[in-house]
Amino acid sequence: MTSLVFPTYNPGSAVERTWSAVRDFFRARPDTWEALFVCDGCSDGTPQLLESLAAETNDPRIRVLSYTQNRGKGYAVRTGLLAARGAWRVFTDVDLAYGFGDVAKVADELKAGAAVAIASRDHPESEVTLPVRMLGYAYRRRMQSLVFGSAARLLLPIPQRDTQAGLKGMTAAAADHVLPRLSCNGFGFDCELLTACHKLGVPVAEVPVRVRYEDAASTTGSGTTWKMLRELWRIRRDWRRVCSDPLPIRESARRAA
């Protein structure tokens, strides 16, 4: 089984579209999937809405996890991945910035033997689609990504150029090996995950994707940027003296099979 985790914080009624899209995707797949919506201290009624949808559809492949305190995206992702039951576990943004075709590509990379697979917007085969009115927004996001990526590679042992793409996956063995060692609850989670993979000898595969920009709701402000830079420094400090403890790749492949 493949697990798909959605860290969820106050998405509003748009989460209903995601729920329906997940069910359509599952119906079209010949293999077995599950989905977990992790409500990270939502205060907009999302937990109640999702529970209502779960009761209405009565589909055991879709689960809802919820807790009252907002802990951050990293905490929500870890919670979902560790609660997942699949041999392969993927997480992505609840607004479906990446289509299910890209979700399947990441899952297929894991099934082909990768311990960890990440979407890369900087991959030469990746594409970006957006309306003309979003050109300025896309340019600003690109500049932010370049600056943050450069800082991440300067401070941390991360070779990947795109650290923050909201689509990543790992095998169950990699999840059990890496996730309990992580402590970042916020958006620094992705960088800590990649740092841990480097330190622990877990190989990371990069997958080309097609990114859709439809609105500017997720624009990163300067305050968030500085907070993420502080998280990079903390990750550097926490992982500087960690000794390598490689994930046995054969064991990873055996468990995934």
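## Ground rules

Buried means under 20% relative accessible area, exposed means over 50%, and partly exposed covers the range in between (1.4 Å probe, protein chains only). By that cut-off, Cys42 counts as buried because its relative accessibility is 14%.

This is a predicted model, where local features need pLDDT of at least 70 and side-chain atom pairs count only at pLDDT 80 or more, while totals for chains, interfaces and linings use all residues. Residues are numbered from 1 along each chain as its sequence is written, and side-chain values use heavy atoms, leaving out hydrogens and water.

## Cysteines

A disulfide here is a pair of cysteine sulfur atoms within 2.5 Å, and the count comes to 0. For Cys42, the nearest cysteine sulfur belongs to Cys39, 4.4 Å away. Cys184 has no disulfide either, with the sulfur of Cys191 nearest at 8.3 Å.

## Nonpolar core

A nonpolar core is a set of buried Ala, Val, Leu, Ile, Met, Phe, Trp, Tyr and Cys residues joined through side-chain atoms within 4.5 Å. The largest one has 41 residues, and Phe6, Val22 and Phe37 are among those with the most contacts inside it. Apart from it lies another core of 36 residues, including Phe148 and Val202.

## Rings

Rings of Phe, Tyr and Trp (its six-membered ring) pair if their centres lie within 6.5 Å; planes under 30 degrees apart are stacked, over 60 edge-to-face, and the rest tilted. There are 8 aromatic pairs in the whole structure. Trp19 and Phe37 are stacked, 5.5 Å centre to centre with 25 degrees between the planes, and both are buried.
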